[in-house]
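Hi everyone, thanks for coming. Let's look at a model together and take it slowly, one piece at a time.

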Amino acid sequence: MPSHELGHPGREAERKAAKAKEPAERIARREAKEAKALEPTPTWYKSIMFGLMLLGLLWIIVYYLGGGLFPIPGIGGWNIFIGFGIAMIGFFMTTRWR
């Protein structure tokens, strides 16, 4: 087995020795960070995320049903980009959803 593979006995011994040398503070910070990463997403975050997705969809629907006169009459087709932009912000927020 090549020495660069994860299961190599020499590498495992090196990792264990390095881990034993870590100060207790660093270990505590790392464990706190890992615990925080496992916390569920707050309700307000999910509300904003889904709200933005729905707002973007509604923006586009209002534009089409309003014959281009709504929501912002002077910009025409740019209303579609605004609607998609709002919805995309909500979709990008899903990457942080736990």
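Let me start with a word we'll need: a residue is buried if its relative accessible area is under 20%, exposed if over 50%, and partly exposed in between, using a 1.4 Å probe and protein chains only. What you see is a predicted model, where local features need pLDDT of at least 70 and side-chain atom pairs count only at pLDDT 80 or more, while totals for chains, interfaces and linings use all residues. Residues are numbered from 1 along each chain as its sequence is written, and side-chain values use heavy atoms, with hydrogens and water left out.

Now, the overall layout. The chain has four helices and zero strands; helices (H or I, at least four residues) and strands (E, at least two) are DSSP runs, numbered from the N terminus. Of the 98 residues, 17% count as buried.

Which rings pair up? The structure holds four aromatic pairs. Rings of Phe, Tyr and Trp (its six-membered ring) pair if their centres lie within 6.5 Å; planes under 30 degrees apart are stacked, over 60 edge-to-face, and the rest tilted. Tryptophan 44 and tyrosine 45 have ring centres 5.9 Å apart and planes at 75°, so this pair is edge-to-face. Tyrosine 63 and tyrosine 64 are also edge-to-face, at 5.5 Å centre to centre and 65° between the planes.

Tyrosine 63 is buried at 14%, and tyrosine 64 is exposed at 56%.

Next, please find helix H3 (residues 43-65) and helix H4 (residues 78-93). They pack at an angle of about 160°, with axes 8 Å apart. The axes are lines fitted to C-alpha atoms, for helices over the stretch in contact, and angles run from 0 to 180 degrees between N-to-C directions. H3 and H4 are therefore roughly antiparallel, a label for angles over 145, with under 35 roughly parallel, 65 to 115 roughly perpendicular and the rest oblique.

Who meets whom? Contact means heavy atoms within 4.5 Å. On the H3 side, the residues include Tyr45, Trp59, Tyr63 and Tyr64, and on the H4 side they include Asn79, Phe84 and Phe91.

Let's finish with asparagine 79, which sits in H4. Asparagine 79 is buried, at 0% relative accessibility. Leaving aside neighbours within four places in sequence, asparagine 79 contacts Trp59, Tyr63, Phe70, Pro71 and Ile72.
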